[in-house]
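Hello,

Please find the structure below. My notes on it come after.

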Amino acid sequence: MKQLVFLLFIPLAALTQVLCIILMYYGPAWVYEKNSGLFDEHKIWIYSMILLLFLSGAGVVLSCLGCYLALIKFKRILSIPMVVFCYVPIWFVSLVCLHAAFIFSALL
Amino acid sequence: MKARIAARVSIVIPLSIYVLIIIAVGDDLLLLSGITAGREERAAVAIRDNVNAFYKWGTLVFTYHYLDRHYATSRYFTQSDRNDCKEEFVAALTDALERHACVDLFLLAHTNNYINWVSPLPEPLRTKIRFVYNTGCHNESQGQEWLNLGADAYIGHPGVSQSPFFYFYLLRHWVRGNPLQSIIELGNERMIKKFYQLERISFKRYDADYAIRESIASLVGNSNLRIQDVTQ
């Protein structure tokens, strides 16, 4: 039962990315519909960056931790498919978002 | 698995994925590049037309910080309908032209006629307009009109363009201080590469040659212009 706690990293890491995608797609619709006319571009940019960096960073950290724990706690027959089918897609999405945040911030 | 190997695997895999993402994006990394000289001399005004909220947001988050960081004054407008923001845009442009030696315009909109908003401005102000980038479809032909109005250089696209690909490279290399001629060559080359990649990924359902014909950017005016140049 205790080992199953480590499985929680998968839905947690996935949740950060699902949230990130939902906010990126539906957040702007909410902002632009609620405030027709002139917008505070600075605020939109700042909040977008905070959310992107936080959620993508959380996704990367949680999936790294989850992958590490899966590899040391479970047998390879279970841990390798977990890494390939669960953590690799989460890494991909969260790293794309993280890279986007770096580009938008002119850091990279 | 041993803890040390597990830790290495948990770091190496995401790092490898990140390297692949950087390669896929296909642009050089700026790596905290500094601000080019003469920031206080220049201003920028950008405008986005009324598209869906996700596109409005995407254009804003990409553009906003580059302009804010590399120009003494930068204003960004997002329209809610076709004539929205006209007064604010013209007022911001006039103010920027009065207070700075040169002003760049980023017209991030589908086929547009913002030139009609700018043409009534007094000539001494209009001649301070330096560089105009227009993402609009079929707006390549406005180039000579912008030059006649006083701009030093203009970049536009000939047809139903997929200009965001080009704009991504243009803005990043423009703020780095590269001359327009090299930016247009690099931007077009990398945009074409992306079109062919899309064609391969979509199993030829995406027509890269058509996209290239419609989107390839062209430049009129001063091809050696750089962001740090002060023109009159």
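The notes go from the whole of chain B to its helices, then to chain A and the interface.

This is a predicted model, in which local features need pLDDT of at least 70 and side-chain atom pairs count only at pLDDT 80 or more, while totals for chains, interfaces and linings use all residues. Residues are numbered from 1 along each chain as its sequence is written, chains are lettered from A and ligands numbered from 1 in the order in which they are written, and side-chain values use heavy atoms, with hydrogens and water left out.

Chain B overall

Chain B has nine helices and six strands; helices (H or I, at least four residues) and strands (E, at least two) are DSSP runs, numbered from the N terminus. Its C-alpha trace spans about 75 × 40 × 35 Å along the principal axes. Of its 232 residues, 54% count as buried, where buried means under 20% relative accessible area, exposed over 50% and partly exposed in between (1.4 Å probe, protein chains only). Among the contacts in chain B with a separation of 6 or more, 74% come from residues 24 or more positions apart; contact means heavy atoms within 4.5 Å.

Helices of chain B

Helix H3 of chain B covers residues 86–99, 14 residues in total, and reaches 20 Å from its first C-alpha to its last, close to the expected 20 Å. That expected span is 1.5 Å times one less than the number of residues. Phe89(B), Ala92(B), Leu93(B), Thr94(B), Ala96(B) and Leu97(B) are its buried residues. What do they pack against? Their partners in chain B include the strands E1 (42–48), E2 (73–78), E3 (102–108) and E4 (129–134), as well as helices H4 (115–118) and H5 (123–126).

Helices H7 (residues 163–174) and H8 (residues 180–201) of chain B pack at about 145 degrees, their axes 8 Å apart. Axes are lines fitted to C-alpha atoms, for helices over the stretch in contact, and angles run from 0 to 180 degrees between N-to-C directions. H7(B) contributes Phe165(B), Phe166(B), Tyr169(B), Leu170(B), His173(B) and Trp174(B) to the contact, and H8(B) contributes residues including Ile183(B), Met191(B) and Phe195(B). By class, 12 residues of this contact are nonpolar, three polar and two charged. Ala, Val, Leu, Ile, Met, Phe, Trp, Tyr, Cys and Pro count as nonpolar, Asp, Glu, Lys and Arg as charged, and the others, Gly among them, as polar.

Positive phi

Ala106(A), which is not a glycine, has a positive phi of about 60 degrees. Ala106(A) lies in the segment after helix H3 (76–104) of chain A and is buried, with a relative accessible area of 4%. Lys204(B) also has a positive phi, near 70 degrees. Lys204(B) sits in the loop between H8 and helix H9 (208–215) of chain B and is exposed, at 67% relative accessible area.

Between the chains

At the interface, 35 residues of chain A are in contact with 38 residues of chain B. The buried area is about 3,400 Å², and carbon and sulfur atoms give 75% of that; buried area is the accessible area (1.4 Å probe) that two parts lose on being put together, summed over both. Tyr32(A), Glu41(A) and Leu108(A) supply 17% of the area that chain A buries against chain B, more than any other three residues.

Helix H2 (residues 41–73) of chain A and helix H1 (residues 3–25) of chain B cross at roughly 145 degrees, and their axes come within 9 Å. Residues of H2(A) including Cys64(A), Cys67(A) and Tyr68(A) meet residues of H1(B), among them Ala3(B), Val9(B) and Pro14(B). This contact has 10 nonpolar residues, one polar and no charged.

Regards
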